[in-house]
Structures are given as structure tokens and as C-alpha cells.
Amino acid sequence: MKTLYLVIPCYNETEVLPETSLMFREKIHTLIHEQKISENSRVLFVDDGSRDETWKIISSLARQDEIFEGIRLSRNRGHQNALLAGLLEAAKYADITISMDCDGQDDIAAVDKMLEEYEKGSEVVYGVRSDRKKDTFFKRGTAQLFYRIMKLLGADIVYNHADYRLISVRVLKELEKFEEVNLFLRGMVPLVGFPSSTVYYERKVRVAGKTHYPLKRMLSLAFNGITSLSVRPLQLIACMGIGIALVSFVGVLWSILMYFMGKTVSGWASMTCIVCFISGVQLISLGIIGEYIGKIYLETKHRPRFIISEYTEGMKEEKEQKDE
């Protein structure tokens, strides 16, 4: 039987963790009892530098039940970095990993379907939302716009998929070779390849606490995803520049023609509009180019994507035994 690790990133989850941890434990015990996974399967929490009591709760859970294990990052590195840290750590002990959110919104019943797809030969199984009825009109509209833009820009991502997925250790070992610092796992995992499939589920309401993904962070993640996976925006800038240059050239010819025909009229309105438009285009273009240059700057530094500062007792012992 295969060893499964549930990888759960956590950031300031004091309110929700005591409740959802019971759900995770029950699912692992049930799967072990049904002999679908081995007794060495675990729930691995990743504390992304929380400022509340999250790490104390994780440590307490690990002392109470060996099913629970945890690692703590030295500082807050963001959801994607924390998730990757957990996946790569789990790859040392597991055959299969399933990543999901800590808030209980990802339907844990879909885990059984994912394991079934894995048994059929899928190395990656994507958890895909069946609908977005529980989202607000604004969030639903912006999410759909994001996926359409990503597709238009040539990024290979799964529609309505976040970070609820099954990944085999074979795939994780290949994913580890992707050394970029600017992480967008939703786009990176499909790039690895291997047989994949999808499982549909209904996303639930958050069990407790408040979301850690307000509009600002969602927009940041979306823009990071676009600029990390595609150079199409740079190509669009070049095309736009060529188009504006052609229009400007026609405008120059027209101005010269009107001058010799004696039909020119001095005016500031048209000139102001043209200057403002061109200036706006230039600033937007420079901003996009600057974003790419900033990413190049970060990548060339080769800084670590995460630093693990602490392990729960059980995991610390496993790590020492493996190192020996």
C-alpha cells in the first residue's frame, strides 16, 4: 500500500485548525482502516511563519497523535512557498501527496476520488470546483476573467483549479528541478507533464476565521502567475508599440498634407489627448517590463525559496533516522 501525506499550509489559523484537524485525522484513519493507504500515512502541517498560536496547536496535535506532523518556516514566505516546502518535505517519506487548504473549504471527500484516479494511472489529479455559486458576483467574474486571460497568454493552467491536487512523488522529484523563486504552482505542475486527470468537487464555506486572501493578494497572485508563466505581455507591448508607431506615422503625413493645403488650425485639446495617451502607454509598458526585470533580478540571486526552522518531535526523529 502507498503512503499518503496530506500537505496543509497554515498561516494564522488558530480559529480553524482545532476543527479542521479532526476532519483530516478522521479521513486518514478511515483510509488506513479501508486499506487504501499504509499506516505510515500522515497529515503534514506547514506553518508559514504565523504570528498567532498556530505552531503551538500543531505541536500539541503532533504530541497527541502520530498521524500529525509539522514544519515551521523561519518567516512568512507566502502560500506558494509554504506549499512547496511541505510537498518537498513530504516527498522524502511518502509515495503520494495531496495538498489542500487548512480552512476546510476543499471537500475532503474528493480525496477518495483522487486516490481512485491515481490507481488508474494518473500521476497528477487536479481538484476542480464544480461551480462558483457561493462566490460573490465580483469574485466569480474576476476569477473567470483571470483564467481566460491566462489561456490567451498561453499559460497551461486548469480552469477553476486552485491548489487542491494529488501529486505522486515521481512528479515531485521532477518539480523540484524547477528552481525559480517566483512560484505559481498552478501553472508549474502542468509543465512537468505525466498522465493527469481531474476530480470535481463543491467548494464549501470556510469553517471558521477570516480568509487570508483579500482582493489585493488575489490580484498580486494573478499578476505573478501571468508574468511567471508567459512572456506574451512583452510581445503585446511590442505589437502595441508598432501599431501606435504606424498610426503616428499616418498622423504625421496627414498633418503635413493639411499644412500644405492651408487647413491647419492651432489647438491644444488634440495635442493634449495625444500626449496623455502616449504617456500612459509608455508608463504601462515600462511597468510591465519592470516587473519582468524585477523577477530576473530575484532569480539571479538564487536565494532559498524557504527555510525550515522547526519540526515537530515525531518528524524530527524521522529526519534524524533518515539522515543516519
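The notes that follow go from the whole chain to its sheet, its helices and a few single residues.

This is a predicted model, in which local features need pLDDT of at least 70 and side-chain atom pairs count only at pLDDT 80 or more, while totals for chains, interfaces and linings use all residues. Residues are numbered from 1 along each chain as its sequence is written, and side-chain values use heavy atoms, with hydrogens and water left out. The chain has eleven helices and eight strands, where helices (H or I, at least four residues) and strands (E, at least two) are DSSP runs numbered from the N terminus.

**Whole chain**

- Of the 324 residues in the chain, 46% are buried, a term that stands for under 20% relative accessible area, with exposed meaning over 50% and partly exposed the range in between (1.4 Å probe, protein chains only).
- The chain exposes about 17,800 Å², of which carbon and sulfur atoms supply 59%; these areas come from the Shrake-Rupley method with a 1.4 Å probe, and for residues only the protein chains shown count as cover.
- When contacts (heavy atoms within 4.5 Å) are taken between residues at least 6 apart in sequence, 84% of them join residues at least 24 apart.

- Eight strands form an open sheet with mixed pairing, in the order 7-5-6-4-1-2-3-8, and two strands are said to pair if DSSP finds at least two bridges between them.
- The edge strands, each pairing on one side only, are strand 7 (196-201) and strand 8 (308-311).
- With direction ignored, neighbouring strands of this sheet are turned by 25 degrees against each other on average.
- Strand 5 (residues 124-129) and strand 7 run parallel and are joined by six bridges; glycine 127 has valine 199 in strand 7 as its bridge partner.

**Helices against the sheet**

- Helix 3 (residues 79-90) packs on the sheet and touches strand 1, strand 2, strand 3 (68-73), strand 4 (96-99), strand 6 (161-168) and strand 8, its direction making about 155 degrees with that of strand 1; axes are lines fitted to C-alpha atoms, for helices over the stretch in contact, and angles run from 0 to 180 degrees between N-to-C directions.
- Helix 7 lies across strand 5 and strand 6 and runs at about 35 degrees to strand 6.
- Helix 7 (residues 185-192) is largely enclosed by the rest of the structure because seven of its eight residues are buried, among them Arg186, Met188 and Pro190.
- Glycine 193, with a positive phi near 90 degrees, follows helix 7.

**Strand 1 and the cysteines**

- Leucine 6 is found in strand 1 (residues 4-10) and counts as buried at 0% relative accessibility.
- Leaving aside residues up to four places away in sequence, leucine 6 touches Phe24, Ile28, Arg42, Val43, Leu44, Ile98 and Met100.
- The structure holds zero disulfides, a disulfide being a pair of cysteine sulfur atoms within 2.5 Å.
- The sulfur of cysteine 10 has its closest cysteine sulfur in cysteine 102, at 3.8 Å, which is too far for a bond.
- Cysteine 10 is buried at 2% relative accessibility, and cysteine 102 is buried at 3%.

- Asparagine 12, in the loop between strand 1 and helix 1 (17-33), has a positive phi of about 50 degrees although it is not a glycine, and asparagine 12 is partly exposed at 23% relative accessible area.
- Glutamine 35, in the loop between helix 1 and strand 2 (42-47), has a positive phi near 60 degrees and counts as exposed at 60% relative accessibility.
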